[in-house]
Amino acid sequence: NSDYVKLTIGEATVAGVLNPENDFYFGFSNTDDVVDNAQTLSQHFSSEHPNIKTIYGGYGEGNKVANNKITIGENTYTDSSDIIGGASFRSDTEVHHNSILQQDDYFEENLIGGLNQGAVYRPDAGGVHDNSVTLQLNESGSYSGAAGKKIAGGIGANVNVNNNHVYFKGSGWYRPDVYGGYAINSDAVENSVEITKQYKDNGVSPHEMKLYGAVYGGYSKHGNAMSNTINVDTWKSDTLLGNTYGGYSVNGDAIHNKVILCGNTGENASLFGGFSQQGNAIGNTIKMTGVSSVHNQTFDRLLAEDNVVGGESQSNFGTVSDNTIELKNTTVYGYVAGGRNMDQSTNRRIGSVHDNTVNLSSTCLVNGDVVGGEAQSVPVYSNNVIIFADGSDHYFDGHDVYGGKAVSSNVENNVVSAALGRFGTLYG
């Protein structure tokens, strides 16, 4: 039920398939592989084809959909169209190395590098991997995207989502939520979001990089989020204005995810290395170092306007352990916790919070409590806060420092080690 057509884009003509739902495919097959399609959309596209709902670099139901690429040029205004690099509705089809390069600052719909919406649960299949979305705006001073929409390197319904990426390489104000990888019934593993500011002639662009939606290195609804990364290097811009998660799982575990930050966060924007609603949060990391990798630029201070949490579970069954926060030359206007379990139910409690660490070095200013490990109702033990000032004081504005803290459970063998700081009360 799809027709092979030719579309005019300015003075160019492109061939593809248009179905009755007004989806357009540069490469299409119901039976075979779809590979190596590449197309650039010009500024004429939306004005001449305003009713196209979704644009696909490639769609197939063979063994693979791979190496398809869509480039969206400046002033293209694809405001009514989702853009998908490569896709399949068959779970056994491997979707990999598809990409989108977005150079236009005006879009409102979803940008997805690779997508598999097959209905059969196949975590052992090829899955969705090594797809990407790159946003490279140069002089943006306007909002891009719409709240509630997605920018995602890869999305999988019933297959694993591995090693997909979203790259922000310019400046701009973005409103969608951002996912390196997004999995519904399977795992999200080793996906990333990389955010760097635009540099010109060894200087920084005057334009800002701001992300207003939530940012997830990897997200899974019913699987695990493991070894995903968010890496931000934007000098002192207020870059992250929504909650930011290295890895997030609703019903699985968040394990070994990272947030590495050289840039500021905005008001009401909390940082989480790993977060699980119903599972464990283990081995996640947040680093705010105050040193840019570009031009070796060093700042007086980074700013986190809200809470900084290494790992969190909201389940009374959840273990929160081995999470780490490292802060250097950083001001935090909220609360800092290496790990926490915030379940408040009176059900059977078998989770725990243990062996989490907060490490503060050089000069840090914290306007809330600092806690190695915290829980409402599960045991808290063997957590650490280490404060080493490198010759400069730490300031806590009268707030307290806890190795471990619990509301209605045991607290044992937690440690605070501190030097050259101005605190409220120190509690082991």
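## Stop 1: a covered strand

Select strand β43, residues 357-361; most of this strand is covered, with 4 of its 5 residues buried. A word of caution before you go on: this is a predicted model.

Select strand β39, residues 324-328, which pairs with β43 in the parallel sense over 5 bridges. Pick out K328 and look across to β43, where its bridge partner is S361.

β43 and β47 run parallel, joined by 5 bridges. Which residue of β47 is the bridge partner of S361? Select F388 to see that partner.

While the strands are on screen, look at the side chains. In a regular strand they alternate between the two faces of the sheet.

## Stop 2: the whole chain

Zoom out and colour by secondary structure. How many helices and strands does the protein chain have? It has 1 helix and 53 strands.

The chain has 428 residues, and 57% of them count as buried. The accessible surface comes to about 16100 Å², and carbon and sulfur atoms hold 41% of that.

## Stop 3

Select strand β45, residues 370-375, and strand β49, residues 401-406. These two run parallel and share 5 bridges. Click on E374, then on K405 in β49: they stand opposite each other.

β49 joins β53 through 2 bridges, and the two run parallel. Select V401 and find its bridge partner in β53, which is L426.

## Stop 4: rings

Show the aromatic side chains. Across the whole structure, a search finds 21 aromatic pairs. Select F24 and F26 for one of them: an edge-to-face pair, 5.0 Å centre to centre, with 90° between the planes. Both F24 and F26 are buried.

Move to Y56 and Y59. This aromatic pair is also edge-to-face, at 6.2 Å centre to centre and 75° between the planes. Are these two tyrosines, Y56 and Y59, buried or exposed? Buried means under 20% relative accessible area. Y56 has 7%, so Y56 is buried. Y59 has 6%, so Y59 is buried.

Now select Y179, Y182, Y216, Y219, Y245, Y248, F272 and F275 together. They form one aromatic cluster. The charged end of K150 sits over the ring of Y182, 5.2 Å from its centre. For another such arrangement, select K169 and Y167: the charged end of K169 sits over the ring of Y167, 5.3 Å from its centre.

## Stop 5: a histidine in a strand

Select H165, found in strand β19, residues 165-168. H165 counts as buried, because its relative accessibility is 15% and the cut-off is under 20%.

What does the side chain of H165 meet in a polar contact? Select S192: the two side chains are joined by a polar contact of 2.6 Å. Leaving out residues up to four places away in sequence, H165 touches N131, S132, V133, G153, G180, E190 and S192.

## Stop 6: two loop residues

Select R122, in the loop between β13 (111-116) and β14 (128-129). R122 is partly exposed, with a relative accessible area of 25%. A polar contact of 2.3 Å joins the side chains of R122 and D92. Residues up to four places away in sequence aside, R122 touches S91, D92, N158 and V159.

Last, select N280, in the loop between β33 (271-276) and β34 (281-282). N280 is buried, at 18% relative accessible area. Where does its side chain reach? Show the backbone of T319: the side chain of N280 reaches the backbone nitrogen there at 2.7 Å. Not counting residues up to four places away in sequence, N280 touches G252, D253, A254, F317, G318 and T319.

Note on methods
Residues numbered from 1 in each chain as written. Predicted model: local features only at pLDDT ≥ 70, side-chain atom pairs only at ≥ 80, totals over all residues. Heavy atoms only, no water. Buried < 20%, exposed > 50% of the residue type's maximum accessible area, 1.4 Å probe, protein only. Areas by Shrake-Rupley, 256 points an atom, 1.4 Å probe, with all protein chains shown as cover. Contact = heavy atoms within 4.5 Å. Polar contact = N/O pair within 3.5 Å; in protein donor to acceptor, adjacent residues only side chain to side chain. Phe/Tyr/Trp six-rings, centres within 6.5 Å; stacked < 30°, edge-to-face > 60°. Lys NZ or Arg CZ within 6 Å of the ring centre and 35° of its normal. Pairing = 2+ DSSP bridges.
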